[in-house]
Amino acid sequence: TSESTSQNLANASIQLDLYYIIEKLKLYCTVLSWQKMYDFKVEINQMQNLLDEAKKEKYKGIPAIQVYSEIVEIYNNNEAVSSYKKLRELMVNYIHLFPKDEVKEIYATATNFCITKVNKGDVSFERDAFELHKERISQEIYLQDGKMPVTIFRNTVFYALRAGEIKWVQNFIDDYGGFLDPKHQENSILFGYARLDFYKKDFGTVLKHLSKLSYDDVWYNLGARTLQIASYYELDEFDALESVLQAFKTYIKREKTLTTDKKQDHLNLYKFANALIKINPKDKAKLRKLREDIENTKGVVSKPWLLEKVDQLLGVTKLEIRN
């Protein structure tokens with residue numbers, strides 16, 4: 001009938017409108033993601049009008065529009081905590097409706113938001129970062145051709161330990177170490193165990209793991225030296241620590257692949273760790289000044305650990321280890 005035909009055409013028009021809004025939102029999210037990584041600017045015509053349209057009440061029941069609208073807000077505002085929380089709610093309820101490639105991008109956006117917050121000093125997002133990694137692991141979102149990327153393995157261990165999930169990390173390394181590319185497998189597993197044993201305060205075993213590492217990779221080189229510094233300090237082996245600190249400083253200054261900021265962040269660890277072992281523990285005024293300097297310096301590798309060590313010398317209540 002003409003009535004049913006009219007209804008079908010109306011429904012088709014509505015579906016086309018939804019498809020257009022969703023696809024353009026997805027495109028805009030991709031553009032914003034690229035702009036975070038690369039120095040370029042792309043203008044998309046009528047984007048603000050579409051964003052305003054997507055906020056209308058009639059689209060509240062469309063998960064894709066809601067998800068990508070929140071992602072746009074997150075990309076446009078690093079402080080968009082309310083949008084992040086809304087995105088997490090939407091993920092819990094609707095993530096199963098999305099294709100796997102979109103699921104990966106949605107999780108990546110949420111995870112990167114948490115990591116950015118943690119890197120800025122907001123440790124309240126450490127648990128969220130772990131939970132997001134855990135969800136992605138359980139859904140096998142990380143696996144690419146049956147392999148797990150090294151950075152994913154490393155970051156999962158890191159945030160799980162920051163969240164205090166020591167037993168979970170033990171199981172994770174045992175269960176997923178075999179999914180790593182063979183050429184990176186041994187280093188990744190050894191370093192994972194080194195970090196795990198540091199949190200278990202088994203510092204001697206940390207050093208044994210690190211002694212077996214291949215130091216060809218810059219990241220492992222820096223990570224291992226950082227753990228060595230903390231472990232030798234915890235073991236009161238200050239002669240060895242002084243030697244490691246000097247080698248650490250030399251390596252940082254010579255390593256050409258490090259950015260200026262990365263070099264400075266690691267040199268700040270050297271400077272403050274060196275000051276820590278030379279300071280008189282009874283000189284509370286100098287200890288307080290050292291703590292203030294560490295606190296007020298923007299980029300410091302292992303900053304929470306350094307602050308914890310100063311606080312222990314000051315007799316302040318012990319903080320949680322966060323190397």
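Within the largest nonpolar core, which has 103 residues, L25, I106, M148 and F172 touch the most other members. Such a core is a set of buried Ala, Val, Leu, Ile, Met, Phe, Trp, Tyr and Cys residues joined through side-chain atoms within 4.5 Å, and buried means under 20% relative accessible area with a 1.4 Å probe, protein chains only. The model is predicted: local features need pLDDT of at least 70, side-chain atom pairs count only at pLDDT 80 or more, and totals for chains, interfaces and linings use all residues. Residues are numbered from 1 along each chain as its sequence is written, and side-chain values use heavy atoms, with hydrogens and water left out.

L25 is in contact (heavy atoms within 4.5 Å) with M47, L50, L51, A54, I65, Y68, S69 and V72, leaving aside residues up to four places away in sequence.

Twelve of the 14 residues of α3 are buried, among them I65, Y68, S69, V72 and Y75.

Y75 also belongs, with S33, K36, T109 and N112, to the residues nearest the centre of the second largest pocket, whose lining has 13 residues. Elements giving two or more residues to this lining are α1 (2–37), α3 and α5 (100–119). The largest share, six residues, comes from α5.

Terms used: Buried means under 20% relative accessible area, exposed over 50%, partly exposed in between (1.4 Å probe, protein chains only). Helices (H or I, at least four residues) and strands (E, at least two) are DSSP runs, numbered from the N terminus. On a 1 Å grid over the protein atoms alone, a cavity is a set of points where a 1.4 Å probe fits but cannot get out, and a pocket is an open set with protein on both sides within 12 Å along at least five of seven lines; lining residues have an atom within 4 Å of a point.
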